[in-house]
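Hi,

Here is the structure I said I'd pass along.

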Amino acid sequence: MEKIEHSTITTNGINMHVASIGTGPAILFLHGFPELWISWRHQMLSLSSLGYRCIAPDLRGYGDTDAPPSPASYTALHVVGDLVGLLDHLGIEQVLLVGHDWGAAMAWYLCLLRPDRVKALVNLGVVFIHRNPHVKFFDERFKTLMGDDFYICRFQEEIGEIDQELGSVDTATVLKIFHTSFDTTPLIIPKGGLGLLKLVEPLPSWLSQDYINYCANKFNQKGFTGGVNYYRALNLNWELLAPWTESQIKVPTKFISGDKDSTYCFLGGKEYIESGEFKKDVPSLQEIVIIEGVGHYINQARPEEITTHIYEFIKKY
């Protein structure tokens, strides 16, 4: 870990913290919620030893990167703008791209909006969500289906209520709850009841205390509002991306998910894949890997396996 270098660059009007290691073809890693660059530590160390330049920023709102206060500053256009500015700053014309969770969503958007900057994509956990021109991503049907206390529904609240709840519980505990709660069943956060949620015991072996301590220190400084703002911007994304309705992802792609991942199990991922609609939306989709017995945080829970899957795909490009 001490070999990983850290820098701060200016991009798209914000200061962005970037971790990097290695030389060679560049791989850009994008983290999810509630994670930081360090969630990619295993892949960065392994792939840099195989001759790659591994780059992992804290996305806007996270860690040592600036966190604009308004949810309107967390759209796909903002984040893609940050990433294009990052690549420009580093002098990288095209990158190999790897994303997980919200990082996967932003990776899809980077490939949608600026496919000229991406050689190939490996995305984890979150399938491409094509824009339905007739239904906003978050609407009353979603709320009716999942319930008012489903975490995405709670994350639609105006800044204040859910943010205060997240801040009222020990940060390390909040991180442990989220890192063990996106598997097989919906994550429900009853109003005022975050502190009543029970931790999975014992914690999985991959969820080390050192990792939790590092992330908790950063989230103690900024809070969770930046990460929650990505959810608050879901419908604004829908409005802004109207020109790309029916557009496809044409970057060569590999998709990986755990069969216990909540996005695969109950948010429609499995049906979307098996119906063939995923392949229609991503015609350059070359591989789909569903790993048995693992949940949402797959790059940390199965680090060697995921690194191998990434390497076997990107070495072709």
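Predicted model: local features only at pLDDT ≥ 70, side-chain atom pairs only at ≥ 80, totals over all residues.

Is Pro-69 buried or exposed? Its relative accessible area is 66%, and the cut-off for exposed is over 50%, so Pro-69 counts as exposed. Leaving out residues up to four places away in sequence, Pro-69 touches Ile-159 and Asn-229.

Asn-229 is one of the buried ones, and so are Gly-226, Gly-227, Val-228, Tyr-230, Tyr-231 and Arg-232. What do the buried residues of H9 pack against? The partners are H2, helix H3 (102-113), helix H5 (151-154), helix H6 (161-168) and helix H10 (234-240).

Next stop, Ser-48, which is found in helix H1 (residues 41-48). Ser-48 has a relative accessible area of 16%, and buried means under 20%, so Ser-48 counts as buried. A polar atom of the Ser-48 side chain lies 2.8 Å from the backbone oxygen of Met-44. Setting aside neighbours within four places in sequence, Ser-48 is in contact with Ile-21, Gly-22, Gln-43 and Cys-54.

- Phe-33 and Pro-34 are joined by a cis peptide bond, with omega at about -15°. Pro-34 is in the loop between strand S3 (26-30) and H1.
- Glu-201 and Pro-202 are also joined by a cis peptide bond, with omega at about -5°. Pro-202 is in the loop between helix H7 (171-179) and helix H8 (209-222).
- Asn-12 is not a glycine but has a positive phi of about 50°. Asn-12 belongs to the loop between strand S1 (5-11) and strand S2 (14-21), and at 42% relative accessibility it counts as partly exposed.
- Glu-246, another residue other than glycine, has a positive phi near 70°. Glu-246 is placed in the loop between H10 and strand S7 (253-258), and at 65% relative accessibility it counts as exposed.

Finally, the whole chain. The protein has 15 helices and eight strands. Its radius of gyration is 18 Å, which agrees with the value near 20 Å that a compact globule of 317 residues would have. Along the principal axes, the C-alpha atoms fill a box of roughly 50 × 45 × 40 Å. Buried residues come to 56% of the 317. Among contacts with a separation of 6 or more, 77% are between residues 24 or more positions apart. The protein exposes about 13,000 Å², and carbon and sulfur atoms supply 51% of that. As for charge, there are 27 positive and 37 negative charges, and their mean positions are 4 Å apart.

Cheers

Key:
Residues numbered from 1 in each chain as written. Heavy atoms only, no water. Helix = DSSP H or I, 4+ residues; strand = E, 2+ residues; numbered from the N terminus. Rg over C-alpha atoms; globule rule 2.2 N^0.38 Å. Buried < 20%, exposed > 50% of the residue type's maximum accessible area, 1.4 Å probe, protein only. Contact = heavy atoms within 4.5 Å. Areas by Shrake-Rupley, 256 points an atom, 1.4 Å probe, with all protein chains shown as cover. Lys, Arg positive; Asp, Glu negative; His and termini not counted. Charge placed at Lys NZ, Arg CZ, Asp CG, Glu CD. Polar contact = N/O pair within 3.5 Å; in protein donor to acceptor, adjacent residues only side chain to side chain.
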